[in-house]
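Subject: Structure for you, with notes on what was found

Dear colleague,

My notes follow directly after it.

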Amino acid sequence: PVVPEDFKSPDIVMLGNLHPLVQLSVLEQLQRPKLVVLDTMNFWMDNTWDDLMKVIEKVDVLTINDEEARQLTEEYSLVKAARKIAKMGPKYVVIKKGEHGALLFHNNQIFFAPALPLEEVFDPTGAGDTFAGGFTGYLAHTGDLSFKNMKNA
């Protein structure tokens, strides 16, 4: 993709779940945003590991589900997995746990946000993308990139 001139200096950018080389191409066209959020999935881990590692090291926040965090780090403990992911580059790690909420990690701080229990789940397709977009949108709306505000997001 070619980023138009008017969009090359955002404060925050959310790199959606695309091929890591596409994500990297977008990042390389931008002036360094204040915050870069990346969403990824197991498919990219299985098929484009080296490219994924290149983009992960350039982001501030990684959003990933619990199974993917375990696959990425080969750690069962999500606390250990988050620490390993932080060593890869991201300052913040959001581990999505579907119907069980989400975890936010930064340095030695951990925050757990529970999910609203539903009696019946119809179709969770896109739920993780929606979560990541809402999280990033809230941060963009408030302009506050602190850990405290990420807990609100």
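Predicted model: local features only at pLDDT ≥ 70, side-chain atom pairs only at ≥ 80, totals over all residues.

Residues are numbered from 1 along each chain as its sequence is written, and side-chain values use heavy atoms, with hydrogens and water left out.

Asp60 itself lies in the loop between helix H3 (49-56) and strand S3 (61-65), helices (H or I, at least four residues) and strands (E, at least two) being DSSP runs numbered from the N terminus. Asp60 is buried, with a relative accessible area of 3%; here buried means under 20% relative accessible area, exposed means over 50%, and partly exposed is what lies in between, with a 1.4 Å probe and protein chains only. Leaving aside residues up to four places away in sequence, Asp60 touches Arg32, Lys34, Leu35, Val36, Pro90, Lys91 and Tyr92, a contact being heavy atoms within 4.5 Å.

Two of those partners, Lys91 and Tyr92, are also touched by His106, together with Phe147, again not counting residues up to four places away in sequence. His106 belongs to strand S5 (residues 102-106) and is buried, at a relative accessible area of 13%. The side chain of His106 also makes a polar contact with the side chain of Asn107, at 3.3 Å. Asn107 sits in the loop between S5 and strand S6 (109-113), where, with a relative accessible area of 63%, Asn107 is exposed. The phi of Asn107 is near 50°, a positive value in a residue other than glycine.

Glu74 also has a positive phi, of about 60°, although Glu74 is not a glycine. Glu74 is placed in the loop between helix H4 (66-73) and helix H5 (78-88), and with a relative accessible area of 74% this residue is exposed.

Towards the end of the chain, Ser146 is found in the loop between helix H6 (127-142) and helix H7 (147-152), where Ser146 is partly exposed, with a relative accessible area of 27%, and its side chain reaches the backbone nitrogen of Asn149 at 3.1 Å. Gly143 is found in the loop between H6 and H7 and counts as exposed, at 54% relative accessibility. Within helix H6 you will find Gly133, which is partly exposed, with a relative accessible area of 34%.

Gly133 and Asp60 are 73 residues apart in sequence and 15 Å apart in space, whereas Gly143 and Leu78 are 65 residues apart in sequence and 28 Å apart in space. Phe43, in helix H2 (residues 42-47), is 25 residues from Glu68 in sequence and 9.4 Å from Glu68 in space.

As for the protein as a whole, there are 7 helices and 6 strands, following the pattern β-α-β-α-α-β-α-α-β-β-β-α-α along the sequence. The radius of gyration is 15 Å, close to the 15 Å that the globule rule gives for 153 residues, so the protein is as compact as a globular protein of that length; the radius is taken over C-alpha atoms, and the rule is 2.2 Å times the number of residues to the power 0.38. Along its principal axes the C-alpha trace spans about 45 × 35 × 35 Å. Buried residues make up 39% of the 153 residues, and residues 24 or more positions apart account for 50% of the contacts with a separation of 6 or more.

Notes:
Polar contact = N/O pair within 3.5 Å; in protein donor to acceptor, adjacent residues only side chain to side chain.
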